[in-house]
Amino acid sequence: MFLFNKKDQVVVKIVENKKEREDAMDVRKQVFQKDMGIDPESDFDGKDDRADHIIAYVNGKEAGTLRIRYDDDGELGKVAEFERIAVLRKFRGQNIAKQMIEYMFGYLKSNGTRGVVFKAQEHTKGFYEQLGFVQQGNAFADGGVLHVRMFKVLY
Ligand SMILES: CC(C)(COP(=O)(O)OP(=O)(O)OC[C@H]1O[C@@H](n2cnc3c(N)ncnc32)[C@H](O)[C@@H]1OP(=O)(O)O)[C@@H](O)C(=O)NCCC(=O)NCCS
């Protein structure tokens, strides 16, 4: 595992160019397709072009990513869903996922998004509650794993 020290530089940003996008997709290939054995067609489902992506770098090396998709405006206004959150194994447990989610809140507020949803594995609910999400509805099974829908109002 990679242990951060004071000199390590963590950059979390919205994907803005081809290189950053390739880096984000490389993280997904490694985490979802290679480590977890998910079918590439299921991961790269054709929805990436219409989504926003966040990328995290540690000392210039890609470390994590997440995808944001926008739902049609509901009662609240513009709402987003984030998904495909992944951090390379060696960088895990050091708040990269948390930093990406916190950065995402600011980014979504700046583009006028009122709320954000996430389909979380039930056992990780506490992590999302600490970030201000609340559970919506009952837990449900997806792929044999219990999930809950988590929602956060941004403003
Ligand atoms: C989930 C994941 C992105 C967390 O990244 P990370 O940078 O290690 O996370 P942080 O250091 O910010 O926080 C660690 C916390 O992540 C939590 N976590 C958040 N989302 C999680 C999720 N969907 N699944 C498992 N753990 C998750 C854990 O509960 C852990 O909490 P703990 O420290 O109390 O045990 C990373 O473990 C990963 O890439 N896993 C494989 C891909 C995956 O399962 N993605 C989620 C499904 S879409």
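Asn95 is partly exposed, because 14 other C-beta atoms lie within 10 Å of its own, a count between the limit of 12 or fewer for an exposed residue and that of 20 or more for a buried one. The model described here is predicted. Asn95 is located in the loop that runs between strand E4 (77-87) and helix H3 (96-110). Its phi angle is near 70°, which is a positive value in a residue other than glycine.

A positive phi is also found at Asn59, where the angle is near 50° and the residue is again not glycine. Asn59 belongs to the loop between strand E2 (52-58) and strand E3 (61-74). With 12 other C-beta atoms within 10 Å, Asn59 is exposed, since a residue counts as exposed at 12 or fewer.

The strands on either side of Asn59, E2 and E3, are part of an open sheet of 7 strands. The order across this sheet is E1-E2-E3-E4-E5-E7-E6, and the pairing is mixed. Its edges are strand E1 (10-14) and strand E6 (134-142); each has a single partner strand, so one side of each lacks a neighbour in the sheet. On average, neighbouring strands are turned by 20° against each other, direction ignored.

In general, the strands of a sheet pair through backbone hydrogen bonds, in either a parallel or an antiparallel sense. For E4 and E5 the sense is parallel, and the pairing extends over 3 bridges. Glu81 stands opposite Val117, a residue of E5. Helix H1 (residues 18-35) packs on the sheet through contacts with E2, E3 and E4, and its direction makes about 100° with that of E3. Helix H3 packs on the sheet as well, touching E1, E2, E3, E4 and E5; the angle between its direction and that of E3 is about 40°.

The shell consists of 17 residues, of which the closest to the ligand are Val87, Arg92, Ile96, Ala97 and Lys98. E4 provides the largest share, 5 residues. By residue class, the shell is made up of 8 nonpolar, 5 polar and 4 charged residues.

Terms used. Residues numbered from 1 in each chain as written. Predicted model: local features only at pLDDT ≥ 70, side-chain atom pairs only at ≥ 80, totals over all residues. Helix = DSSP H or I, 4+ residues; strand = E, 2+ residues; numbered from the N terminus. Near = placed C-beta within 6 Å. Nonpolar A, V, L, I, M, F, W, Y, C, P; charged D, E, K, R; others polar. Pairing = 2+ DSSP bridges. Axes fitted to C-alpha atoms, helices over the stretch in contact; angles between N-to-C directions. Contact = placed C-beta atoms within 7 Å.
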